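Please look over the sequence and the model below.

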Amino acid sequence: MYVLGELGRQYFSKKQGLLLDTSFRYTVQKPTLYRARVIAEEMVSLFEEGELDDIYIIYTRMENAMQAVTEKIKILPLHRVSFTPQNMPSIAGVYQEGMILYPSAHSVMDNIVPNYVVGLIYGCLVESYCSEHNARMQAMQNATDSASDMLDELRITYNRVRQADITQELTEVIGGANAQKREVSRNIMTKGKIIQVMGPVVDVEFESQKELPRIKDAFGGRERRQTLCHGSGSACGK
């Protein structure tokens, strides 16, 4: 077995019962016609020497932008039935004229077959390279879409938390302002004006009639002392 690419060699080297050629070290990155020609020459040479009876190539063919399929093609030996219109849809219905091969059919095939094998291997290398890049692009696109969805969810969560914090702060500010307003109103409301004093009875007029203050908060310090000391004689001077 001849494997292109380091990843494939590492994978098949762990399989039991497979004889892997360790000297066949070609990469699949940036396929060139020169590399395909080198591989084809080695395969044809081994086939002509009788070391290989059949040569197949297994590669990944890009079906479309979203799908790639594994395909196996027989390279050598070539059979005439493989080139009939029934097996080659691309030439179905095309008129074919008779050809004369000069100087002989064997001489022509000796030149055509190696070039055919080179073109076939080069096409397989390009298809595999395109399939690999397409798979990487799809993986990166899926990762980008997942990251975008995650960012959208995090942005929504952040906005909700931020809105909740703003609402909480506004509630606290409004609550504090209302409490301060009630305190100011209470201070204003607890101040009264003494109308008259009749013995132990003191008439006090308040600005607000909605709520009457407690008696201990109804008078200021000096006014309350003067009022409480009214009519006490010499005790008020102390």
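Tyr11 is partly exposed because its relative accessibility is 48%, where buried means under 20% relative accessible area, exposed over 50% and partly exposed in between, using a 1.4 Å probe and protein chains only. Phe12, at 26%, is partly exposed as well. The model is predicted, so local features need pLDDT of at least 70 and side-chain atom pairs count only at pLDDT 80 or more, while totals for chains, interfaces and linings use all residues. Residues are numbered from 1 along each chain as its sequence is written, and side-chain values use heavy atoms, with hydrogens and water left out.

**Rings**
- The count of aromatic pairs is one; rings of Phe, Tyr and Trp (its six-membered ring) pair if their centres lie within 6.5 Å, and planes under 30 degrees apart count as stacked, over 60 as edge-to-face and the rest as tilted.
- Tyr11 and Phe12 form this edge-to-face pair, with 5.1 Å centre to centre and 85° between the planes.
- The charged end of Lys72 sits over the ring of Tyr56, 5.2 Å from its centre (NZ of Lys or CZ of Arg within 6 Å of the ring centre and within 35 degrees of the ring normal).

**Asn134**
- Asn134 belongs to helix H3; helices (H or I, at least four residues) and strands (E, at least two) are DSSP runs, numbered from the N terminus.
- With a relative accessible area of 14%, Asn134 is buried.
- Apart from neighbours within four places in sequence, Asn134 is in contact (heavy atoms within 4.5 Å) with Met62, Asn64, Ala65 and Met66.

**Largest pocket**
- A pocket is, on a 1 Å grid over the protein atoms alone, an open set of points where a 1.4 Å probe fits, with protein on both sides within 12 Å along at least five of seven lines; lining residues have an atom within 4 Å of a point.
- The largest pocket holds about 1200 Å³ of space, a volume being the space filled by probe spheres set on the points.
- Its lining has 34 residues, with Tyr2, Val3, Leu4, Ile57 and Ile58 nearest the centre.
- Helix H3 (105-189) is one of the elements that supply at least two lining residues, and H3 gives the most, seven.

**Second largest pocket**
- The second largest pocket has a volume of about 810 Å³.
- Among its 20 lining residues, Leu78, Phe83, Met109, Ile112 and Val113 are closest to the centre.
- H2 and H3 each give two or more residues to this lining, and H3 has the largest share, six.
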